[in-house]
Each structure stands twice: as structure tokens, then as C-alpha cells.
Amino acid sequence: MTTNSSVEQLQEWLHGAADIALKAGDLILELYEEQAYETYEKDDDSPVTSADFAANRLIVDGLTALTPDIPVLSEEGSHLTFEERRQWPRYWMIDPIDGTQEFIARSGDFGVIIALVEHNQPVLGVIYWPAGDVLYTAQRGQGAFRRDVHGSQRIHVRRLADPITDVLHLAISRRQPRERVLQRMTSERELQLVPAGSCSLKACMIAEGRADCFLRVGPTGEWDTAAAEVIVGEAGGRIVSESFTPLTYNQEANLGNPNFIILGDPDVPWQEVFIHHRSDD
């Protein structure tokens, strides 16, 4: 059985993946600003653009050059059968543009996602926000970091003065009905809503303490959470399903996620805040 990669090897791969994400972000931003892209519809009726495909090619080519022996699983790629990919000890998982709807809507709230999954656990995470030129990176056991024009700094989730009573800052989608989320939460906790774009950028908001939590209701893929799970986890938070169970990677034929929750301060009694799981009892 293939052993885990060394800390030094992972660090080298993380730097390489970050550089690739930056290059993809530059390409995406150029196409975005010039509006030089076409929009299409996938089989599930979700949008995809020629910018997604161009960024996908750049990232896949870059990762293949960086690590020729590690396969790449992309939202925009052709997926191998479960029988083939279940044998992989490690693989890259990417979403060239997370937040394609935001890209099309020209909100600027979209990101580039690259993660390395090893033995079914995400171990490296890269999320790049091209419009703001902000890069988030994390390596399992080595901390989470934000890099912008001012330099690089380690990031942490917000710790509340009173985890029981303080107002919670809830990151919430601009595109989805808020009731889908709020009806799954207790009415006893005061909330401040923080509108944001893609799932990955909401995760980064929580990792750096600008929001405390986020509940995603609706279809997503494992590529939407793999990098975020490392970044949020290294910042002191966690990502779980709506039933408060761990998310899984490459353990089923279906690469879809359940509804999931991104949580900040570990001292908050989150199972009393997000109450939909009680209906499963």
C-alpha cells in the first residue's frame, strides 16, 4: 500500500498547486473582464462557460506536469468509473471556477479550487479569489494562510466571547432562497446575515473569522468541499454533513455531497443551532 506523502513533499506540491491556481485565476479574470466567453448548460441544467473549460485545461496540464503520477479529478472533466478511481491512493480534485453563476452574474465572487486527497482525506487545499487577488492555502497539520497584496498571514476562525449567546454571523448565498437555510436553524439564536458568493469563498470567510457558519442546502460535488475542509480545519473549524457526520471522498460511485455545514468556533453548541438533524432521530 502506498504510504502517506512526507510533510516536505506535500509542501512542495502545495506551492506548485498555488502557482497553478494563480495562473488559472489570471486567465479567468482576463476572460471575465473582456467578457470573452460562451455560456452553456450542463445536463443538470447548471451553467458552465468556455472560461471553465479553458481554466480546466490549464490546471490539469499544470498539475500533470507537477505530479505526472497523480491523477486529476475535475468537475469539468470526464469521470472514470468508481472501480478505476477507487484504487487511487491520492489524486488532485479541482473546480476550475467555483461559482460559475457568480461569474456569469459579474459579481466577482468566484474562486479557483485545487485540493489533494490522500487515502480518502483532503490533505492540501488551495482556494484563489481572482477578483480580489487573495490566495488561501492549507496543509494538513501545518496551518491555514491568506496571501494578498499585504503579504501572508496565518488565519483562524473567530472565537466568540460567549459561544452560547453571542450573535452568530451566518454566511448566506445571494442566489438561493434564504428560507431554505433559516428554517433549518433555531429561532432562539440571534443571527447577522453575511451575503456572499461561491461556497469556497464562504468557507474562507469562516476560516479567517469574517463569518461563523454556513449551511449549504442543495446539490454540490466533492470538489466543492475538499480544499475548504483543509483550510477551515487548519483554521480551527470543521465541515460536516447536515447530520453532523464527516464528509467522504472517493468512497462512492456518486461524487455528490449531502447538505453540509461549515462551522467556526468549536465552543459553539452547533447541534443546538442547526436543528434539522433532529428530524433524523
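Leu63 has a relative accessibility of 0% and therefore counts as buried, the cut-off for that term being under 20% relative accessible area. The model in which this residue is described is a predicted one. Leu63 belongs to helix α2. Leaving aside residues up to four places away in sequence, Leu63 touches Ala17, Ile20, Val72, Trp92, Ile94 and Ile114. Asp98 lies 35 residues from Leu63 along the chain, and the C-alpha atoms of the two are separated by 18 Å.

Seven strands make up an open sheet with mixed pairing, and their order is β3-β4-β5-β6-β7-β8-β9. The edge positions are taken by β3 (72–74) and β9 (151–154); each has a single partner strand, so one side of each is left without a neighbour in the sheet. On average, neighbouring strands of this sheet are turned by 20° against each other, direction ignored. At one end of the order, strand β8 (residues 144–148) runs antiparallel to β9, and four bridges join the two. One of the residues involved is Arg147, whose bridge partner in β9 is Ser152.

Helix α1 (residues 7–34) lies across β4 (90–98), β5 (111–118), β6 (121–129), β7 (134–139) and β8. With β6, helix α1 makes an angle of about 30°.

Just after α6 comes Gly209, which takes a positive phi of about 85°.

β12 pairs with strand β14 (residues 260–263) in the antiparallel sense, over four bridges. Within that pairing, Cys213 has Leu263 of β14 as its bridge partner.

Glu229 lies in helix α7, which covers residues 226–234. Although Glu229 is buried, it has no salt bridge. The nearest side chain of opposite charge is that of Arg140, 5.1 Å away, while a salt bridge calls for a side-chain nitrogen of Lys or Arg within 4 Å of a carboxyl oxygen of Asp or Glu. Glu229 touches Pro122, Ile239, Leu247 and Tyr249, residues up to four places away in sequence not being counted.

The protein as a whole may be considered last. It contains eight helices and 14 strands. Of its 281 residues, 54% count as buried. Among contacts between residues at least 6 apart in sequence, 63% join residues at least 24 apart. Taken along the principal axes, the C-alpha atoms fill a box of roughly 50 × 45 × 40 Å. The radius of gyration of the protein is 18 Å, which agrees with the value near 19 Å that a compact globule with 281 residues would have.

Conventions:
Residues are numbered from 1 along each chain as its sequence is written. This is a predicted model: local features need pLDDT of at least 70, side-chain atom pairs count only at pLDDT 80 or more; totals for chains, interfaces and linings use all residues. Side-chain values use heavy atoms; hydrogens and water are left out. Two strands pair if DSSP finds at least two bridges between them. Axes are lines fitted to C-alpha atoms, for helices over the stretch in contact, and angles run from 0 to 180 degrees between N-to-C directions. Contact means heavy atoms within 4.5 Å. Buried means under 20% relative accessible area, exposed over 50%, partly exposed in between (1.4 Å probe, protein chains only). Lys and Arg count as positive and Asp and Glu as negative; His and the chain ends are not counted. The radius of gyration is taken over C-alpha atoms; the globule rule is 2.2 Å times the number of residues to the power 0.38.
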